[in-house]
Amino acid sequence: MAKNFVSNKDETVRMFDNDILNSLSKVHFSVPLIIYVPLTGYLLYLSIAIYSLSFLNIIGLIIGGMLTWSAAEYLLHRFVFHYPAKTKIGKKIHFIFHGVHHDYPSDSKRLVMPPSVSIPLAVIFYFLFRTIFGPITMLPFFAGFIVGYLFYDMTHYAIHHYNMHNKFWLAVKNYHMKHHYQDEDKGYGVTSPFWDLIFRTDFKKSQTTSD
């Protein structure tokens, strides 16, 4: 197997000459929790205490939001983070967004989305869901979407920095490791292989085709 990474050590490469920009590209894994857990709680508070949405309605919308994140996780990873850049500028942007993670997969400071990326994305999705569902119904849906995102970020961090012993989590880790060390054009789902199976980007399809 050809080496397709620069370093497997927990080291952080400098991405920007500007110190401020470079610092914004790094983040402790707890930062998304600090930002988005209170936001999720506030969205659910509005749903229950202010707008009195029914329990079943809230649960259904939360599940819908989580499933929507699952699809977004796959689509963002496949078509944005792995965009086949051809120009010098495009390759630089790709490296900033995701290439650095493949070159330094064990860098603990670049395993979750920094707020400089996640907050603009959250704003975009907020107004998208508000347009689709309206200002009230979107609240628990967006909360579920954020829960899905947090599950993704924490899972991704754990995959790269914790020894998995549980069979389920070990399978999740091994699946993502194949994306890094076997074929980066397969296995775009981090928390689940579901969308890879749907769109035939799972590893079994890859191996079957090559046989």
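Which class, buried or exposed, does serine 52 count as? Select serine 52 to begin: its relative accessibility is 57%, so serine 52 counts as exposed, where buried means under 20% relative accessible area, exposed over 50% and partly exposed in between, with a 1.4 Å probe and protein chains only. The model is predicted, so local features need pLDDT of at least 70 and side-chain atom pairs count only at pLDDT 80 or more, whereas totals for chains, interfaces and linings use all residues. Residues are numbered from 1 along each chain as its sequence is written, and side-chain values use heavy atoms, with hydrogens and water left out.

**The loop between α2 and α3**

Serine 52 sits in the loop between α2 (31–50) and α3 (55–81); helices (H or I, at least four residues) and strands (E, at least two) are DSSP runs, numbered from the N terminus. The phi of serine 52 is near 50°, a positive value in a residue other than glycine. Most residues other than glycine have a negative phi.

Next, select tyrosine 51, which lies in the loop between α2 and α3 and is partly exposed, with a relative accessible area of 39%. Leaving aside residues up to four places away in sequence, tyrosine 51 touches Leu46, Ile136 and Leu139, a contact being heavy atoms within 4.5 Å.

**Across to the loop between α8 and α9**

From tyrosine 51, draw a distance to aspartate 196: the two residues are 145 apart along the chain, and their C-alpha atoms are separated by 38 Å. Then move to arginine 200, in the loop between α8 (194–198) and α9 (203–210). Its phi is near 60°, again a positive value in a residue other than glycine, and arginine 200 counts as exposed at 57% relative accessibility.

**The aromatic rings**

Now display the rings of Phe, Tyr and Trp (its six-membered ring), which pair if their centres lie within 6.5 Å; planes under 30 degrees apart count as stacked, over 60 as edge-to-face and the rest as tilted. A search of the whole structure finds 24 aromatic pairs. One of them joins phenylalanine 125 and phenylalanine 129, a stacked pair at 5.8 Å centre to centre with 25° between the planes. These two phenylalanines are separated by about one helical turn, because they stand four residues apart in helix α5 (residues 115–133). Phenylalanine 125 and phenylalanine 129 are both buried.

For an edge-to-face example, select phenylalanine 168 and tryptophan 169, at 5.0 Å centre to centre and 80° between the planes. Tryptophan 169 counts as partly exposed, at 29% relative accessibility.

**The whole chain**

Finally, zoom out and colour by secondary structure, which comes to nine helices and zero strands. The radius of gyration, taken over C-alpha atoms, is 18 Å, close to the 17 Å that the globule rule (2.2 Å times the number of residues to the power 0.38) gives for 211 residues, so the chain is as compact as a globular protein of that length. Along the principal axes, the C-alpha atoms fill a box of roughly 55 × 45 × 35 Å. Buried residues make up 42% of the 211 residues, and, among contacts between residues at least 6 apart in sequence, 69% join residues at least 24 apart.
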